[in-house]
Amino acid sequence: GKKINTFPSIANALQGHQAGEVVKVVFYRGKENLTLPMQLSKRPLPTIPTSGKEFADALRNLFAPFDIELDKTLAGVTEEQASYRPTEKEWSIRDVLAHLIIGERDNAGFLAESIEGAQRTYDTFPNNLEIRHQAIFVTHPTLKDLISEWRKAQRENLAMHELLPASFIARKGSYWRYAFGTLQGNIHLNDHLRQIKELMEKSRK
């Protein structure tokens with residue numbers, strides 16, 4: 001078996017398996033150790049844009065519903081609620097926003113590397129470092145500052161995608177790899193939206 005404790009480790013565990021195959025999954029529910037069979041389903045493939053403008057438009061369609069729901073969720077939230085951490089090791093709403101900001105910045109860097117043909121592989125996500133969050137809080141101390149920076153990071157990334165060079169789009173392997181991962185970003189956004197809503201509920205208790 002292969003241990004799964006990060007998002008990249010999921011892909012590693014799936015290597016060598018195919019859709020429709022049944023695998024055994026060992027996990028903990030509380031203190032109870034359980035083993036259950038799980039059938040692997042097909043992963044839907046996104047439509048890959050044929051131009052930078054199409055790519056940017058596709059990303060706007062991912063961001064728009066998230067941002068609308070985010071504004072609704074955070075309406076009237078106090079700084080105290082935004083800073084609330086259920087436990088010392090869990091994130092606050094501010095941490096989630098810092099993570100999203102850093103993620104957009106890192107995505108821009110990864111795109112630049114892909115365009116230059118210098119793609120790296122990662123065993124984990126470097127944007128989850130606590131010190132990166134704390135550094136963001138120094139320059140963006142309020143919830144309003146964090147939301148504004150999140151929107152700015154989005155706009156910057158959208159502009160970068162609109163300017164994608166045709167030579168990169170023509171490199172099917174590198175371009176498809178980048179686009180495939182990026183255009184499934186709504187999964188990541190929706191997970192963190194649920195996290196923010198749960199934190200809101202906990203902060204009010």
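How many of the 205 residues of this chain count as buried? The share is 35%. Buried means under 20% relative accessible area, exposed means over 50%, and partly exposed lies in between, with a 1.4 Å probe and protein chains only.

Some ground rules. This is a predicted model, where local features need pLDDT of at least 70 and side-chain atom pairs count only at pLDDT 80 or more, while totals for chains, interfaces and linings use all residues. Residues are numbered from 1 along each chain as its sequence is written, and side-chain values use heavy atoms, with hydrogens and water left out.

Now the overall layout. The chain has nine helices and two strands. In sequence order the pattern reads α-β-β-α-α-α-α-α-α-α-α. The C-alpha trace spans about 50 × 50 × 30 Å along its principal axes. Next, contacts, meaning heavy atoms within 4.5 Å. Take those between residues at least 6 apart in sequence: 71% of them join residues at least 24 apart.

On to the core. A nonpolar core is a set of buried Ala, Val, Leu, Ile, Met, Phe, Trp, Tyr and Cys residues joined through side-chain atoms within 4.5 Å. The largest one here has 39 residues. Phe55, Leu74, Ile93, Leu97, Leu143 and Trp150 have the most contacts inside it. Which helices each supply at least two residues of this core? They are H2 (52-74), H4, H5 (130-139), H6, H7 (166-170), H8 (172-182) and H9.

Look at phenylalanine 55. Setting aside residues up to four places away in sequence, phenylalanine 55 touches Pro49, His161, Leu164, Tyr175, Tyr178, Ala179, Thr182 and Leu183.

Phenylalanine 137 sits in helix H5. It counts as buried, at 10% relative accessibility. With residues up to four places away again left out, phenylalanine 137 touches Arg94, Asp95, Ala98 and Leu146. Now find isoleucine 187. Phenylalanine 137 and isoleucine 187 are 50 residues apart in sequence, and their C-alpha atoms are 25 Å apart in space.

Is glutamine 154 buried or exposed? Buried, with a relative accessible area of 5%. Beyond its neighbours within four places in sequence, glutamine 154 is in contact with Phe63, Asp67 and Glu104.

Next, salt bridges. The rule is a side-chain nitrogen of Lys or Arg within 4 Å of a carboxyl oxygen of Asp or Glu. That gives twelve salt bridges.

Start with arginine 105 and glutamate 149, whose side chains meet at 3.1 Å, N to O. Arginine 105 lies in helix H4 (residues 93-116) and glutamate 149 in helix H6 (residues 143-162), so this pair ties together parts that are 44 residues apart in sequence. Arginine 105 is partly exposed, at 38% relative accessibility. Glutamate 149 is buried, at 13%.

Aspartate 191 is partly exposed at 38%, and arginine 194 is partly exposed at 47%.

Glutamate 201 counts as partly exposed at 47%, whereas arginine 204 counts as exposed at 52%. Elsewhere, salt bridges that share partners join Lys53, Asp57, Arg60 and Glu162 into one network.

Last stop, a pocket. Rolling a probe the size of a water molecule over the atoms shows where empty space is left. On a 1 Å grid over the protein atoms alone, a cavity is a set of points where a 1.4 Å probe fits but cannot get out; a pocket is an open set with protein on both sides within 12 Å along at least five of seven lines, and lining residues have an atom within 4 Å of a point.

The second largest pocket has a volume of about 520 Å³, the space filled by probe spheres set on grid points joined across faces, edges and corners. Its lining has 14 residues, with Lys2, Ile4, Ala13, Lys24 and Val25 nearest the centre. Helix H1 (7-14) and strand E1 (22-29) each supply at least two lining residues. E1 gives the largest share, four residues. By type, the lining divides into nine nonpolar, two polar and three charged residues. Here Ala, Val, Leu, Ile, Met, Phe, Trp, Tyr, Cys and Pro count as nonpolar, Asp, Glu, Lys and Arg as charged, and the others, Gly among them, as polar.
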